[in-house]
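Here is a short briefing on one protein chain. Look at the fold first, then read the points below.

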Amino acid sequence: MLLDGDSTNGDPTDAGTPDDQSTAGAPTDQSDQSNATDGGVTSDGGASSTSSVDMNSDAGVDSTASDGGDSSTTQMDGGTSSSSSSSDSSDASTSSSSSSTDYTAIVPIPSGINNGLTFAAQATMLTAFGNPGTPDPGCGPSSAALAPLMKTANVGPFRVTGFGAAVDALTRVFTAVQAAKPDLYAVLGTQGMLCVRYVRGSTTNFSNHAWGTAIDMTIGGVLTARGSTDMTQGLVDLAPFMAAESFFWGAGFSPTVDGMHFEASNELISQWKANGTIP
């Protein structure tokens, strides 16, 4: 289950019930977004870059996720764990981390984010995946076609359930973070990934979490509130690693930013569709 304001720190096991600022058991959403900043705005399916697009930032935790990840019901897992073994880092960052860094410090959104990446509009998601399932504020069941594409796995600091390729990409992200910034890795947590529901305030537009291609993050148990133009330093430091795997950062949403939210970008969705990752 996905909720804004939901914290999932602890062991990398299934997390408990989140507490949402809006509807209990449901993730937060970017509602009625018109465009995204920093990195340009393009919308899929021939939609204008300035058209009204409902953005999705849903976060949360599902206490019912199973290791199989093939349940037709939406499942969210979250938590944090301390870093263990390190591995090769990606080109997202090669600098070593400082143990004195306060990753929960509140800082403004930096400039130049999402360079070359754009958000995945609903038209893109529906064309690529089809209908994700039965929407519900508390996370409805995935469609029969979509459920087999979901995967539950430990991505390093916690477990998640989401679209298989997105889960694999997150594993690479966090492996790189662990190698380059182990102190940042140690404070990573999640609000969740998969949740079949509409964007908050809408009865027609799905959240991108409905397809399991988005994740909401906490830093040291701190959740950056939707709409805040200030966010934790940890999110700022995490963003380049996410961008290296073509995840769009919700800090670039407009008019309502969402710093905790990262989603597979329009470019990544198009790539997955073109190479057959999305059937």
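**Confidence**

This is a predicted model. The protein chain has an average pLDDT of 76, and 65% of the residues score at least 70. Over residues 1-98 the pLDDT is below 50. That stretch still has 379 contacts in the model beyond near neighbours in sequence.

**The sheet**

- Four strands make up an open sheet, in the order S5-S6-S10-S8. The pairing is antiparallel.
- Strand S5 (188-192) and strand S8 (247-249) stand at the edges. Each has a single partner strand, so one side of each is left without a neighbour in the sheet.
- From one strand to the next, the twist averages 35°.
- Helix H2 (residues 164-180) lies across S5, strand S6 (214-219) and S8. H2 runs at about 70° to S8.

**Strand S10 and its partners**

- S10 pairs with S6 in the antiparallel sense, over three bridges. Three bridges also join S10 to S8, and these two strands run antiparallel.
- Which residues have Glu-263 as their bridge partner in S10? Ala-214 is one of them, and Phe-248 is another.
- Phe-247 stands opposite Ala-264 in S10.
- In a regular strand, side chains alternate between the two faces of the sheet.

**Nonpolar cores**

- Nonpolar side chains tend to be buried together in soluble globular proteins.
- The largest nonpolar core here has 52 residues. Phe-174 and Phe-262 have the most contacts inside it.
- Which element gives this core its largest share? H2 does, with ten residues.
- Another core, of five residues, lies apart from the largest one. Among its members are Phe-119, Ala-121, Phe-248 and Phe-253.

- Most residues other than glycine have a negative phi, and most peptide bonds are trans. The next points are exceptions to look for.
- Asn-114 is not a glycine, but its phi is positive, near 55°. Asn-114 sits in the loop between strand S2 (106-108) and helix H1 (122-129).
- Is Asn-114 buried or exposed? At 6% relative accessibility, Asn-114 counts as buried, because the cut-off for buried is under 20%.
- Cys-139 is not a glycine either, and its phi is positive, about 90°. Its place is the loop between H1 and strand S3 (150-154).
- Cys-139 has a relative accessible area of 13%, so Cys-139 is buried too.
- What kind of peptide bond joins Ser-254 and Pro-255? The bond is cis, with omega about 10°.
- Pro-255 lies in the loop between strand S9 (253-254) and strand S10 (261-264).

Technical notes:
Residues numbered from 1 in each chain as written. Predicted model: local features only at pLDDT ≥ 70, side-chain atom pairs only at ≥ 80, totals over all residues. Heavy atoms only, no water. Buried < 20%, exposed > 50% of the residue type's maximum accessible area, 1.4 Å probe, protein only. Pairing = 2+ DSSP bridges. Axes fitted to C-alpha atoms, helices over the stretch in contact; angles between N-to-C directions. Contact = heavy atoms within 4.5 Å. Core = buried A, V, L, I, M, F, W, Y, C linked by side-chain atoms within 4.5 Å. pLDDT = per-residue confidence, 0-100.
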